[in-house]
Amino acid sequence: MNLLAIALAIATTPLVPEYSTIIREEPVACSGNWLALHQATVTATQGIVRIVSTGHDPYVRMPSLRAQGPLVVRWRMRTTAQGPAQFFWTTTDNPHTTERQSAHATITSDGQWHNYTATLHATGIVTMLRFDPCTTTGVVEIADVRIARVVHHPLQFESLTAIRNASTNDITFTYNHQTVTARAGETVKFDIKIATNKPFTPVTFTATSANLPPLTHTIHWHNPFVETDWTEHRGRNVLVRVAKDNSGARFFWKGKLLAIATPLPPQFSVRLDGDEIVIKADAPGVFLRALGPLEQGLLCGVEHLGKGEASSTKLDLEGPQHLRYEPDPLLLTMPLAAFVTDRGSVAMLWDDTSLQPVFSTPNRYDSTDDHLMGVKGKRVTLRIRLGDSTRLEDAILWAVRERGLPSLPKPPRSPAAQRELILACLNGPMRDTNGWFHAKWGDFKANWFCDQASTIWRLTGTMPDVPKLVPHGAHIENWSAYFVTGRAKQWLDMIRARDAALIRQQKPDGSYRYDGKFRRGHFEDTASGWCAQHALRLLSDARFTGDANTLAAGVKTLEFMKRFRTPRGAQVWEISLHTPDILASAHLVHAYVLGYELTGRAEYLELARRWALSGLPFVYQWGRYPVQKYGTIAVLGSTNWQAPCWIGLPVQWCGLSYAYALTMLAPHDRTLDWKQIAEGILIAGEQMQWPDGPNIGCLPDYFEIAMQQRPQAPVNPCVLAALRLRLAGELDSLAVAADAKHRVVAPFPVRLRAGKAIITARRGLKYEVLVDGARIVPVTSRGTDVLDLERP
């Protein structure tokens, strides 16, 4: 590659859209008084607003205003209450407060006065501002509040070779030694050439126009063919070269240049810990750029990218929230960013979760084709891992081991009280005369769902009266009710029909294809999660029946799924096939564990382990709020690409399905303490349940972390019961025992010995057993029941 080719690549990469220059701020007039709305009192004396917080979610309405967004708020504040603070706003187009229309502010809780600034990226006319000053009880004092409208330069960089006139008037300007007139809304393109004899060079581009301030943008260009005087830090496989003029650094793994860092802050130190790199720096922070074509990218909880994919696209969500170059730190589930390129892997980990992350691929800050990750802050400590790994999961495992698994949250109630809470839900808000609800909102209808009936039976020992049974109803299949109500034959016919349909739908290569509404934007008509849910059904049924054709079909899909690297596409009832998804990780883990158990192929266990690691970036591994740690983000996208945006909003039932799959993996793999992760997710789900009221015991469809609130979207809690039983070593669904000759399925623990099935049941109970996938045997239990499997 010659110098000109490098320059052209730099000059044509688009810039971050937010890089439109602010030319002025216009003060916004406010009228009226501050008003306490929730868990707070508010008074104003001699220019100081005094808010007394009486709970974990205080908020007040600020004086009335009406102004075009975006806005900037500046104020002084002192408090000993814990933060962060948060602003919410409403507009004429959206008169409701939502997490999407909010901005966080990190506060210092030392009782001293501090200056704060918050930018509110509001669109349209702002009609109300709400201020949430803290998240604990305490006193907050506020002074010198100023609100201004932010006015941007009418000329905007689209890239270094393209400038757009965003105004409604023609503008004449000079750029790159050319004077041009751009019509309203027009984009003018230029040829840009850069040349330098230094490895790291800041280059500033300026457009000038009469009656307007200059439009400028500075990039930091790297020329890999130029050397300078270096300070070197050598490890066994790692070499870090820092330019002695502090202009930048190069990072090598086994002699191969993997990454650079530029610009460097005034204070920048490097030390090696084995082959890991520890960096300490001051403001503005550290910005690392991975080199080479992208294979995978990760910013935990925000971006999960595949080969050649760009960050902050509209493939998974549209509107302003798709811009995730500098996301709210609260959205990160773990302070980890990583890239895998054709050169190797680069991962960086930091401890301070309040630092501002930066993530862009390709690098739209410097208009280059490398991959930028960094953190902004006054004091930054980073741990960087280089390697020749081709998988993101190795970086995830490294980060989790480096940080350690978070301690378990405190369970909100005793096991006995938890059991009663679930029963109160299933016998209360989730029940009516037509059966049970899956969810008590929208178009969900009640029915005599097997999963709910089975859960009640497991928890009480008594089967509720049911005129019929229909499959499903909860998030984990539980067929027990069919076997204790004399309906095992109905169940067997049903899963045989299901398997036949699945085999008919399967493509010759083992794949399953999707061509519905949510195929839009994805690069193919299949995805890991879409295939995995089909494989899981086939393999689950093969485990029960031993049917060779069903098993072969399931294994065929497992083989096809080896091509996938990103967990995505498991929720196409409302989410894009392209969208990264913890439910995909759940299905993949579960399917590959079953594949390993049914075939004995060690490669399937390794794949189950890899997909288990892929789910960890969806799990909160830190907590600022009482209910946050082990909360699980379902998808990195939005319903119908619009709203709600699920980034930063735990949907715990999805994570509970993942946790259930981890309990399947745990007996076979000790890479991590999978049971602890599963239990943490379970406890977080129990914390999120409604403890009382009209939705008693229900699990909210999602949970708002910053506001610590449950929306009015209750779903059934059966998965909580199933997971709690599994973690306690108890049977939650059907038991399966198999040897070389026989396979037995029962609703009680069963083991095989010398041609007999030994079942530990409950005396006097009538139930059914499936033998060898075909014969159904009725049993009236004596407590311990022995079936001679050799008898017809």
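pLDDT is the predictor's confidence in each residue, on a scale from 0 to 100. I checked it before anything else, as this is a predicted model. The mean for the chain comes out at 94, with 98% of residues at 70 or more.

Where does pLDDT stay under 50? I found that over residues 1–11. The model still gives that stretch 25 contacts beyond four places in sequence.

Next I looked up strand β21, residues 238–243. Is it buried or exposed? I got 6 of its 6 residues as buried, so the strand is largely enclosed by the rest of the structure. Buried here means under 20% relative accessible area.

Then I sorted its side chains by direction. Val238, Val240 and Val242 point one way from β21, while Leu239, Arg241 and Ala243 point the other way. Side chains in a regular strand alternate between the two faces of the sheet. I noted that Arg241 is among the buried residues too.

On to the partners. Strand β20 (residues 230–234) pairs antiparallel with β21 over 5 bridges, and a hairpin of 3 residues joins the two.

The hairpin between β21 and β22 has 5 residues between the strands, and I marked Asn246 in it for a positive phi near 65°.

Conventions. Residues numbered from 1 in each chain as written. Predicted model: local features only at pLDDT ≥ 70, side-chain atom pairs only at ≥ 80, totals over all residues. Heavy atoms only, no water. Contact = heavy atoms within 4.5 Å. Buried < 20%, exposed > 50% of the residue type's maximum accessible area, 1.4 Å probe, protein only. Helix = DSSP H or I, 4+ residues; strand = E, 2+ residues; numbered from the N terminus. Pairing = 2+ DSSP bridges.
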